[in-house]
Amino acid sequence: MANEAKPCPCDIGDRMEYGALGQEVQIEHFKAYVVKPSTASDKAIIVIQDIFGWQLPNTRYMADMLAANGYIAICPDFFVGKEPWSPTKDWSNFQEWLQDKKPTAINKEVDAVLKFLKDQCGVKHIGVVGFCWGGVATHYLALLYPEIKAGVSVYGIVREREDRYELKSPTLFIFAENDSVIPLDQVSALEANLKEKCKVNYQVKIFPGQTHGFVHRKREDINPADKPYIQEARKDLLNWLNKYM
């Protein structure tokens with residue numbers, strides 16, 4: 001399969017360099033990007049990368065946005081030093097690449113991040129935001145960690161767990177109407193099952209005309225017609241965190 005036949009859906013908006021405002025730190029066996037707000041805070045958001053890894057400028061841009069809104073933001077390397085996906089790679093090899101990078105196999109790193117935030121940063125309230133691969137991971141963590149106060153899963157669904165509708169944390173799910181990775185029938189099934197089985201607050205929101213990756217495009221690369229939806233999604237993300245954190 002030629003790369004041109006399936007251009008990477010998350011690869012919209014990472015063309016330009018973004019310097020980022022935080023710093024990289026070592027946490028046990030992996031690194032993380034950490035950015036702090038201008039005033040002291042005991043609230044932190046774990047920002048979970050997409051398939052392009054923890055150093056993608058777009059993801060750090062979102063972490064910096066969270067810090068500008070009063071949260072300590074931490075973006076760990078959940079691939080633990082393994083090479084992230086690249087738009088130049090052959091998509092026919094994607095499943096093989098993914099084998100040792102499951103978004104539902106990050107408990108060890110999450111536990112280390114939680115400890116770091118509590119012990120080193122004095123954090124008392126923790127939320128999670130994830131994109132694409134990280135959206136799946138956010139959904140996964142919302143099933144397992146009651147101490148997480150809020151989650152925002154951006155274009156990601158856990159598909160393989162029987163208990164995937166039994167959320168422990170209030171979770172906002174953001175989807176794009178024209179997402180080639182997550183068709184709308186999967187979104188409808190998620191919402192119907194959450195309505196039946198979920199006992200905490202949740203919201204499922206679909207943004208018209210948008211494609212996979214739309215929320216974490218950098219402003220330099222946003223189509224003017226898409227800008228209102230992107231801004232609305234980011235506002236929804238922040239409002240959800242503010243409400244439950």
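The largest nonpolar core here holds 49 residues, and the members touching the most others are V152, I174, F214, V215, L237 and L241. Helix 6 (residues 227-244) is the top contributor to this core, giving seven residues. Keep in mind that this is a predicted model.

**The cores**

- In soluble globular proteins, nonpolar side chains tend to be buried together.
- L237 is one of the residues touching the most other members of the largest core; leaving aside residues up to four places away in sequence, L237 touches M65, L66, V129, V152, V154 and L172.
- There's another core, lying apart from the largest one, with 39 residues, including I51, L114, C121 and Y140.

**The second largest pocket**

- This pocket holds about 190 Å³ of space.
- It is lined by 13 residues, and F52, G53, W54, Q55 and P84 are the closest to its centre.
- By type, the lining splits into six nonpolar, four polar and three charged residues.

**S41, a serine in a loop**

- You'll find S41 in the loop between strand 2 (30-35) and strand 3 (43-48).
- S41 counts as buried because its relative accessibility is 19%, and the cut-off for buried is under 20%.
- The S41 side chain reaches the backbone oxygen of G70 at 3.0 Å.
- Not counting residues up to four places away in sequence, S41 touches G70, Y71, I72 and C121.

How values were computed
Residues are numbered from 1 along each chain as its sequence is written. This is a predicted model: local features need pLDDT of at least 70, side-chain atom pairs count only at pLDDT 80 or more; totals for chains, interfaces and linings use all residues. Side-chain values use heavy atoms; hydrogens and water are left out. A nonpolar core is a set of buried Ala, Val, Leu, Ile, Met, Phe, Trp, Tyr and Cys residues joined through side-chain atoms within 4.5 Å. Buried means under 20% relative accessible area, exposed over 50%, partly exposed in between (1.4 Å probe, protein chains only). Helices (H or I, at least four residues) and strands (E, at least two) are DSSP runs, numbered from the N terminus. Contact means heavy atoms within 4.5 Å. On a 1 Å grid over the protein atoms alone, a cavity is a set of points where a 1.4 Å probe fits but cannot get out, and a pocket is an open set with protein on both sides within 12 Å along at least five of seven lines; lining residues have an atom within 4 Å of a point. Grid points are joined across faces, edges and corners, and a volume is the space filled by probe spheres set on the points. Ala, Val, Leu, Ile, Met, Phe, Trp, Tyr, Cys and Pro count as nonpolar, Asp, Glu, Lys and Arg as charged, and the others, Gly among them, as polar. A polar contact is a pair of N or O atoms within 3.5 Å; within protein, one must be able to donate a hydrogen and the other to accept it, and residues adjacent in sequence count only if both atoms are side-chain atoms.
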